[in-house]
Amino acid sequence: MTHLLIVESPAKAKTIQKYLGGDFTVLASYGHVRDLLPKEGAVDTEHDFAMRYAEIARNGKHVDAIASALRKADSLWLATDPDREGEAISWHVLEVLRDKKLLDGKPVQRVVFHEITPRAVQDAVAHPRAIAMDLVNAQQARRALDYLVGFNLSPLLWRKVRPGLSAGRVQSAALRMICEREAEIRAFVAREYWTLSAELEQEEKRFSARLSQWQEKKLEQFDIPDAAAAEAIRSEILANLERQPLQVIKVERKQRQRQPAAPFTTSTLQQEASRKLGFNASRTMRVAQQLYEGISIGNETVGLITYMRTDAVNLSEDAIAAMRDFVQQHFGGEYLPKEARRFKTKAKNAQEAHEAIRPTDIRRHPDSLQGRLDKDQWRLYDLIWKRAVACQMAAAQLDLVAVDFTAESHWQLRANGSTVTFPGFLVVYQEGKDEQDEDDEQRLLPALQNGDQPTFHGIEAEQHFTEPPPRYSDATLVKTLEAHGIGRPSTYASIIQTLQNREYVAVEQRRFHPTDLGEVVNQFLVQHFDQYVDYGFT
């Protein structure tokens, strides 16, 4: 018997063909094969939202190749991606072939796998199922809504603003976010405040301590409003220190554990690749797709990571066991928590069917792939590998220290710092931050005891101004879209790309600025069609 198996991309087809051998012909659909008719009435709102589809012209030759191969095959296997979009593509391929009267009683099987490895593909083929119409209908409902919003609003924009513009259900909500942030920045009025910091030394280690109390009251942000107030306090402290030395009056030590982050979802991978590698969302997804679909490494072609469109953080029991084995062998028992870590998804409307993004084989260390992957592929694989290993490692142990100093009881200086007493997962991976503030926990202090009298090297006043909220970066925009439940893992990158392609936003220093055109479009939509660009609706 001969079987025809359909996937979405030619790269994946090539890899899977090697795994399944001569009984299978593996062809690619090159994405969607049908879409809604590009004219009014494609979604009939009067008749239960009936949808009228047409074949996508540019994919015609690929559909012809599938049709030709099916005539010679005994059965059809649909192996498109394991998400709503993939399920819908399988259904559309089936409908097109049914319309062409090519099925003729041939059995049709749907198979799904979350990683492209010989074992996963062969296991999927051994356990086929029917097409899940609930997933197909969910995708159709989303597509219908996108069509109705876009098809009704875009022509209005052409008439009222400029020809060729577009509005979309998700893209318009994302544009609104960027414009609202810009409005906040414009409306922001900076407020001045001052801080005082002393430079101290103990056992030849210099460190700083900030004025934390004045007139026996804890200092709040705006308590020292200007240079005159700051200089008056500074002068008084210097006069005090001429009479008696500064000394330690209190040392507080707290032990704290820091837990590793969950393995990557699409959203967290895009955020971390933006922070650590400088990748935008589109670049991250392009490279992740290559790692998923299969790369030739020496004598085999294999998918290096699991499916990259997911909002789940759970891992298979096999993957957890393999990660714990790896940690035990390479780092030792003290780096392995007693219980395996199992993570739960907090995101709204998450699809739990998938695993988190992880290496298909944790034993495939990034170092072993140097020279076999291109630079982007290697850096992204390295990031995914480290995050996955770290998630099954012991917590880091930190000693947090807060030291208070004074010479006169009505004021106090405070120094904060920490020491890492056991690094745990930090030996492998540390999560990035969006806004890089000075972190007290990263600062090391010398050993200090009550009664110690550190050497005083001066005290300086520093002027500050409050800052407006930062413009969105790739990482923070994706994070905010996800927090509002807007978009899906598969759409974050295309949302951002569409906004740039339409010239609604510009990127400067890796931050999104709305263009004049973007602000005009947003204002028009918010004023006249607020319900369509409402975050809750989207």
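Contact here means heavy atoms within 4.5 Å. The model shown in these views is predicted.

View 1. D376 is part of helix α11, which covers residues 375–390. Leaving aside residues up to four places away in sequence, D376 touches F279, R283 and V287. D376 has a relative accessibility of 19%. Buried means under 20% relative accessible area, so D376 counts as buried at 19%.

**View 2. Helix α6, residues 169–187.** Helix α6 is built from 19 residues. From its first C-alpha to its last, α6 reaches 27 Å, close to the 27 Å expected at 1.5 Å a residue. Of the 19 residues of α6, 14 are buried, so the helix is largely enclosed by the rest of the structure.

**View 3. Strand β9 and its pairing with strand β17.** Strand β9 spans residues 192–202, and strand β17 spans residues 455–465. The two strands run antiparallel and are joined by nine bridges. In this pairing, A198 stands opposite I459 of β17. Eight of the eleven residues of β9 are buried, so this strand is largely enclosed by the rest of the structure.

View 4. Strand β10 comprises residues 205–214 and runs antiparallel to β9. Six bridges join β9 to β10, and S197 stands opposite R210 in β10. Two residues lie between the strands of this hairpin. In the turn, E203 has a positive phi of about 50°.

Terms used: Residues are numbered from 1 along each chain as its sequence is written. This is a predicted model: local features need pLDDT of at least 70, side-chain atom pairs count only at pLDDT 80 or more; totals for chains, interfaces and linings use all residues. Side-chain values use heavy atoms; hydrogens and water are left out. Helices (H or I, at least four residues) and strands (E, at least two) are DSSP runs, numbered from the N terminus. The expected span of a helix is 1.5 Å times one less than its number of residues. Buried means under 20% relative accessible area, exposed over 50%, partly exposed in between (1.4 Å probe, protein chains only). Two strands pair if DSSP finds at least two bridges between them.
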